[in-house]
Structure formats: C-alpha cells, structure tokens
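Please open the model in your viewer and keep the selection panel at hand. The tour below goes from one selection to the next and says what is to be found at each stop.

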Amino acid sequence: MTGDRTNVSVRRALPSDAGAAAGVWLRSFAAALPGVVRPRSDAEVRDHFRRVLVPLRETWVAEAADAGVVGVMVLEGEELDQLYLAPEWRGRGIGDLFVALAKERSPGGLALWTFQVNTPAHRFYERHGFTAVRRTDGAGNEEREPDVRYVWRP
C-alpha cells in the first residue's frame, strides 16, 4: 500500500456529494476500463447519481481532507453495486475500507459483477475472499461486455 489513509474518512453520501461522486465514477471508469463502451453519457451518469444512487441507494463516499471525495461505493442489500476510486487514490487502502464496511453492512454475504477485462478488480476482490462463481458473455449488462459474478460468504 502506498501513501496512507489516515486523512480519509468514509461516510454516507449527502445530496451535495452527488456531483463529486459521479466525477469519481467517470474518471475511474475511463482509467480502469478504457476499452469498455459506456452506454450512458457523462450527463446521464451525473443525473443517475443525483436522482437515483445518492437519494435512493445506500451510497457511501470516501473523503480526503485535502482532496474532497475520492471514492464511491453503492450497496443494495447483499449487492455491492459500485466501487470506484479516483485513479490517483488507488493503492492507498480506500478500497479495503469500503469492502470492510460492505461486509459489516451485509454480514451474511455479498455479491458483485465486474468486467472480465478488469483483472486488477479480480485480484482485489479475490484478496478480500470473493470467489468467481459465474462468467457471462455480457448479453445481460448495459455495456454488452463479458463479466464475472463474484460472491463472498463469511
């Protein structure tokens, strides 16, 4: 782990965080998944955060004292629906904080989807005890990108 996370706090997202959280998502997606075609425009992603994810889902943000919102995680029951970090904040333990929180919030288990091309995510989730249980050709997701279902059970 490079850097340290002592100046980072994790908290529930507020309506005022929607723009910053969407910005983190957009930058992270572009950096981590440059070959994956996004089905939504930047404006649609921002609107989705503002109208759906922050007010209607269990959305969390990681906030750095000197940089504002640097990570976002969305939970929906046992589904870890989103986990994205600002590219310059990867490798600092923030993802570890988010996964620990997700496990605490859903102690019976978690599941998630990630794209097959996202091998750093595979390593990250496997390091946290998740197991790949299913691979698809992507026909069931908006991006039409082959994906992998991961599950964690305590």
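Helices here are DSSP runs of H or I with at least four residues, strands are runs of E with at least two, and both are numbered from the N terminus. The crossing of α3 and α4 is right-handed, that is, the near helix is turned clockwise from the far one by less than a right angle.

This is a predicted model, in which local features need pLDDT of at least 70 and side-chain atom pairs count only at pLDDT 80 or more, while totals for chains, interfaces and linings use all residues. Residues are numbered from 1 along each chain as its sequence is written, and side-chain values use heavy atoms, with hydrogens and water left out.

Now show the side chains between these helices: G95, D96 and V99 of α3 meet F124, Y125 and R127 of α4, where contact means heavy atoms within 4.5 Å.

Next, select M73, L80, L83, I94, F98, Y125 and F130, which touch the most other members of the largest nonpolar core, a set of 26 residues. Such a core consists of buried Ala, Val, Leu, Ile, Met, Phe, Trp, Tyr and Cys residues joined through side-chain atoms within 4.5 Å, and buried means under 20% relative accessible area, with exposed over 50% and partly exposed in between (1.4 Å probe, protein chains only). α3 gives the most to this core, with five residues. Centre the view on L80, and among its contacts you will find M73, A102, A111 and Y125. Apart from this core lies another, of 21 residues, including A18, V24, F29 and V69.

Move on to α1 (residues 18-32) and α2 (residues 42-56), whose axes come within 9 Å and cross at roughly 130 degrees. That angle makes α1 oblique to α2, and the crossing is right-handed. Residues to display in this contact include W25 and L26 in α1, and F49 and V54 in α2.

Finally, select R144, in the loop between β6 (131-136) and β7 (147-152). Its phi is near 60 degrees, a positive value in a residue other than glycine, and R144 is exposed, with a relative accessible area of 54%.

Note on methods. Axes fitted to C-alpha atoms, helices over the stretch in contact; angles between N-to-C directions. Parallel < 35°, antiparallel > 145°, perpendicular 65-115°, else oblique. Lists of a residue's contacts leave out its neighbours within four places in sequence.
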